[in-house]
Amino acid sequence: MALIVNGVTITKAPGPAFSAYKSSVTSNYGSGSHTTIVFDAEYFDTNSLYNASNGQFKATTATAGRWLFGYSVQAEFAGSGAERDQNYLMLLHQDADASTVDNKWRNAHELTGDYHEGHGASQSIIVDMQNDDTMQVQYYHNSGSSNGYIGGGAHGNRTAMFWGYKIAE
């Protein structure tokens, strides 16, 4: 594959990438804890880095570098008004060298107001990934009950997606 930009031919092959989606709706997320959203089906995964059983991307030595990650979901979220103090989705980066989650990469998309069926949320982030670093999408609410759902559907009707592309060494 070759790309010509301003008269310069670039022949480097595309980097590793993945795109996963939820094949069905998940509902009744527990209150007061972060829950990883499992995107259980893959559109593609060039290097088998995304685990569709636990919802986690994991970098290897060969795929370490700068990555662009993102998600897009259609959802109905828990609670309303004062009942919903916190309600958000986030991309969570776990640094393999750290004993705890590096909070600077808890890049949250806070959901405020009264959200009803069909609300969409999306977010993207560029992160330097090293061997054994992980990335996942999590949902949190503290409405006091198990509530909310994240949409899903067959390929072509995907309402919840998680993706990543290596963009630089």
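How many aromatic pairs does the count come to? In this predicted model, the count comes to 13 aromatic pairs. One of them joins phenylalanine 18 and tyrosine 50. The pair is stacked, with 5.3 Å centre to centre and 5° between the planes.

The largest nonpolar core contains 25 residues. Within this core, Phe39, Phe57, Phe69 and Phe162 touch the most other members. At least two core residues come from each of strand 3 (17-21), strand 9 (65-76), strand 10 (87-94), strand 12 (119-129), strand 13 (134-141) and strand 15 (160-168). Nonpolar side chains tend to be buried together in soluble globular proteins. The contacts of phenylalanine 69 were examined with neighbours within four places in sequence left aside. Phenylalanine 69 is in contact with Phe18, Phe57, Leu91, Gln123, Ser124, Ile125, Met129, Met135, Phe162, Trp163 and Gly164.

Charged side chains were considered next. Side chains of opposite charge can pair when their charged atoms come close. The structure holds three salt bridges. Aspartate 132 pairs with lysine 58, and their closest N and O atoms are 3.8 Å apart. Aspartate 132 is partly exposed, at 39% relative accessibility. Lysine 58 is likewise partly exposed, with a relative accessible area of 39%.

A salt bridge also joins aspartate 128 and arginine 66, with the closest N and O atoms 2.7 Å apart. This pair links distant parts of the chain, as aspartate 128 is in strand 12 and arginine 66 in strand 9, 62 residues apart. Aspartate 128 counts as partly exposed at 45% relative accessibility. Arginine 66 counts as partly exposed at 36%.

Glutamate 169 and lysine 166 form a salt bridge too, and here the closest N and O atoms are 3.2 Å apart. Glutamate 169 is exposed, at 67% relative accessibility. Lysine 166 is buried, with a relative accessible area of 13%. The cut-off for buried is under 20%, and for exposed over 50%, so glutamate 169 and lysine 166 fall into these two classes.

Technical notes:
Residues are numbered from 1 along each chain as its sequence is written. This is a predicted model: local features need pLDDT of at least 70, side-chain atom pairs count only at pLDDT 80 or more; totals for chains, interfaces and linings use all residues. Side-chain values use heavy atoms; hydrogens and water are left out. A nonpolar core is a set of buried Ala, Val, Leu, Ile, Met, Phe, Trp, Tyr and Cys residues joined through side-chain atoms within 4.5 Å. Buried means under 20% relative accessible area, exposed over 50%, partly exposed in between (1.4 Å probe, protein chains only). Helices (H or I, at least four residues) and strands (E, at least two) are DSSP runs, numbered from the N terminus. Contact means heavy atoms within 4.5 Å. Rings of Phe, Tyr and Trp (its six-membered ring) pair if their centres lie within 6.5 Å; planes under 30 degrees apart count as stacked, over 60 as edge-to-face and the rest as tilted. A salt bridge is a side-chain nitrogen of Lys or Arg within 4 Å of a carboxyl oxygen of Asp or Glu.
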